[in-house]
Amino acid sequence: MLETNSLLGLSGIFTLMFVMLGPLKIVGPFARLTHEVDEKTLRGIALRTFCIATIAAILGTLIGHLLLRNWEIPVPALLLTGGLIFFVVGMRMVLEQYQPSHAPPAELPQSPMAAAMRVTFPTVVTPYGIAALIVLVANSHDTRRTLVILAMLLGVMLLNLLAMLYARRLLGGAMAMVLEVLGAVLGVLQVALAVSIIFVALREMGALHAR
């Protein structure tokens, strides 16, 4: 069975979570969704989104890991699935600048909680983000390492909170260009990492069949 630390170090794990669940992918959509609300309402939506997203990500990871064990899905199969998902998402990030502009988002609900739910799913908590967490936890065979992964998840969610609170400032001036370039660079790295995961998964699957 593949050990996570043979594929990803802690810095790689954090980078993967940052790309899949981090602020680069939410700051733009959040700013567009909240462009008509005042600062007080924006802060309320951001805080509620942070709480909902953190709880949902942790629960989704634990439930997914439990189902993985109950269904006896081989870890290499999960790695292969995750690698394919990460590859598709990474390619989308790289090619996003060539895509046509998105249609204006619909207005947020008046209720702050409903608005936060609208922002959380699927802008903050994405299916591929949960898939990344399940892969990371499934390959962590040490309780301490699993706790470190969950602590990193909390750190990424705190970065998301800061990004939402300062979204309007971040998207002003040269900072918007910096974020776009950084997103493209991380997208390329994610594609390379996804290819590595796919190769490792295929090797492990071959080893399983050879036994």
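Figure 1. The model is predicted. The bridge joins the side chains of E39 and R168, with 3.1 Å from N to O. E39 belongs to helix α3 and R168 to helix α8 (residues 167-170), so the pair ties together parts that lie 129 residues apart in sequence. Side chains of opposite charge can pair when their charged atoms come close. E39 has a relative accessibility of 40% and therefore counts as partly exposed. R168 is also partly exposed, because its relative accessibility is 34%.

**Figure 2. Helix α3 against helix α5.** Helix α3 covers residues 39-70 and helix α5 covers residues 112-124. Their axes come within 8 Å and cross at roughly 50°. α3 and α5 are therefore oblique to each other. The crossing of α3 past α5 is right-handed. On the α3 side, the contact uses I45, R48, T49, I52, A53 and A56. On the α5 side, these meet P112, M113, A115, A116, M117, V119, T120, F121 and V124. By class, the contact residues divide into 12 nonpolar, two polar and one charged.

**Figure 3. T49, a buried residue of α3.** T49 sits in helix α3. Is T49 buried or exposed? Its relative accessible area is 1%, so T49 is buried. The cut-off for buried is under 20%. Which residues touch T49, leaving aside neighbours within four places in sequence? They are A116, V119, T120, V124 and M164. Among these, A116, V119, T120 and V124 are also listed on the α5 side of the contact between α3 and α5.

**Figure 4. K40, an exposed residue of α3.** K40 also has its place in helix α3. Its relative accessible area is 66%, so K40 is exposed. The cut-off for exposed is over 50%. How far apart are K40 and R118 in sequence and in space? The two are 78 residues apart in sequence. In space, they are 18 Å apart, C-alpha to C-alpha.

**Figure 5. Helix α4 beside helix α9.** Helix α4 spans residues 75-95, and helix α9 spans residues 174-210. The axes of α4 and α9 come within 7 Å. They cross at roughly 160°. α4 and α9 are therefore roughly antiparallel to each other. The cut-off for roughly antiparallel is an angle over 145 degrees. α4 passes α9 in a left-handed crossing. The contact of α4 with α9 has 22 nonpolar, five polar and one charged residues.

**Figure 6. Helix α1 beside helix α6.** Helix α1 runs over residues 10-21 and helix α6 over residues 127-138. Their axes come within 8 Å and cross at roughly 160°. That angle makes α1 roughly antiparallel to α6. The crossing of α1 past α6 is left-handed. α1 contributes I13, L16, M17, M20 and L21 to the contact. α6 contributes Y128, G129, A132, L133 and L136. By class, the contact of α1 with α6 has nine nonpolar residues, one polar residue and no charged residues.

Definitions and conventions. Residues numbered from 1 in each chain as written. Predicted model: local features only at pLDDT ≥ 70, side-chain atom pairs only at ≥ 80, totals over all residues. Heavy atoms only, no water. Axes fitted to C-alpha atoms, helices over the stretch in contact; angles between N-to-C directions. Helix = DSSP H or I, 4+ residues; strand = E, 2+ residues; numbered from the N terminus. Parallel < 35°, antiparallel > 145°, perpendicular 65-115°, else oblique. Left-handed = near helix turned anticlockwise from the far one by under 90°. Contact = heavy atoms within 4.5 Å. Nonpolar A, V, L, I, M, F, W, Y, C, P; charged D, E, K, R; others polar. Salt bridge = Lys/Arg side-chain N within 4 Å of Asp/Glu carboxyl O. Buried < 20%, exposed > 50% of the residue type's maximum accessible area, 1.4 Å probe, protein only.
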